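Subject: Structure handover

Hi,

Here is the structure for you to look over. My notes come after it.

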Amino acid sequence: MADTSDTRTPAQIEADIRRRREVLAETLDEIGVRVHPRTIVGDAKAKAVSHVDHTLGRAYVQVNRVVSDVKAQLVDEKGAPRLERVVPVALVVVGIVGLLALGTRRRKG
């Protein structure tokens with residue numbers, strides 16, 4: 001059998017009850033703040049912004065890597081353009097732009 005005798009005085013018991021009520025009141029206030037619609041929306045927005053920032057950061061790194069790789073293909077170690085690679089790329093770009101220009105001109109007419 002458990003010992004149910006309590007050696008606390010009534011004043012001590014009242015003080016314990018008062019402390020417990022204060023702790024419960026703080027906990028209820030915290031819960032009220034956490035489940036408030038503005039808090040929930042704010043948390044959701046913060047999580048979405050964090051995810052977008054992370055995704056954009058990864059995309060930025062990937063784009064920088066691609067640009068560096070392309071630059072390494074078109075420029076030599078000294079920084080001079082590699083004409084044997086730049087000229088064909090320039091011709092392809094001019095051809096694509098020309099085809100796009102012809103395509104838009106035909107649709108308008």
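Below are the conventions, then the fold, the charges and one surface patch.

This is a predicted model, where local features need pLDDT of at least 70 and side-chain atom pairs count only at pLDDT 80 or more, while totals for chains, interfaces and linings use all residues. Residues are numbered from 1 along each chain as its sequence is written, and side-chain values use heavy atoms, with hydrogens and water left out.

Overall fold

The protein chain has three helices and zero strands. Helices (H or I, at least four residues) and strands (E, at least two) are DSSP runs, numbered from the N terminus. The order from the N terminus is α-α-α. The C-alpha trace spans about 95 × 50 × 30 Å along its principal axes.

Of the 109 residues, 1% count as buried. Buried means under 20% relative accessible area, exposed over 50%, partly exposed in between (1.4 Å probe, protein chains only). The accessible surface of the chain comes to about 10,200 Å². Carbon and sulfur atoms hold 63% of that surface. Areas come from the Shrake-Rupley method with a 1.4 Å probe; for residues, only the protein chains shown count as cover.

Salt bridges

The structure holds four salt bridges (a side-chain nitrogen of Lys or Arg within 4 Å of a carboxyl oxygen of Asp or Glu).

- D16 pairs with R8, with closest N and O atoms 2.3 Å apart. D16 is partly exposed at 26%, and R8 is partly exposed at 37%. R8, D16 and R19 are linked in a network of salt bridges.
- E30 pairs with R34 at 3.3 Å. They are four residues apart in helix α1, so about one helical turn separates them. E30 is partly exposed at 46%; R34 is exposed at 58%.
- R82 meets E77 at 3.7 Å, N to O. R82 is buried at 18%, whereas E77 is exposed at 75%.

Surface patch

L28, I31, V35 and I40 form a nonpolar surface patch with about 380 Å² of accessible area together. Patch residues have over 30% relative accessible area and no salt bridge; like charges are joined within 9 Å, nonpolar side chains (Val, Leu, Ile, Met, Phe, Trp, Tyr) within 5 Å. V35 sits in the loop between α1 (10-34) and α2 (37-74). V35 is exposed, at 52% relative accessibility.

Best regards
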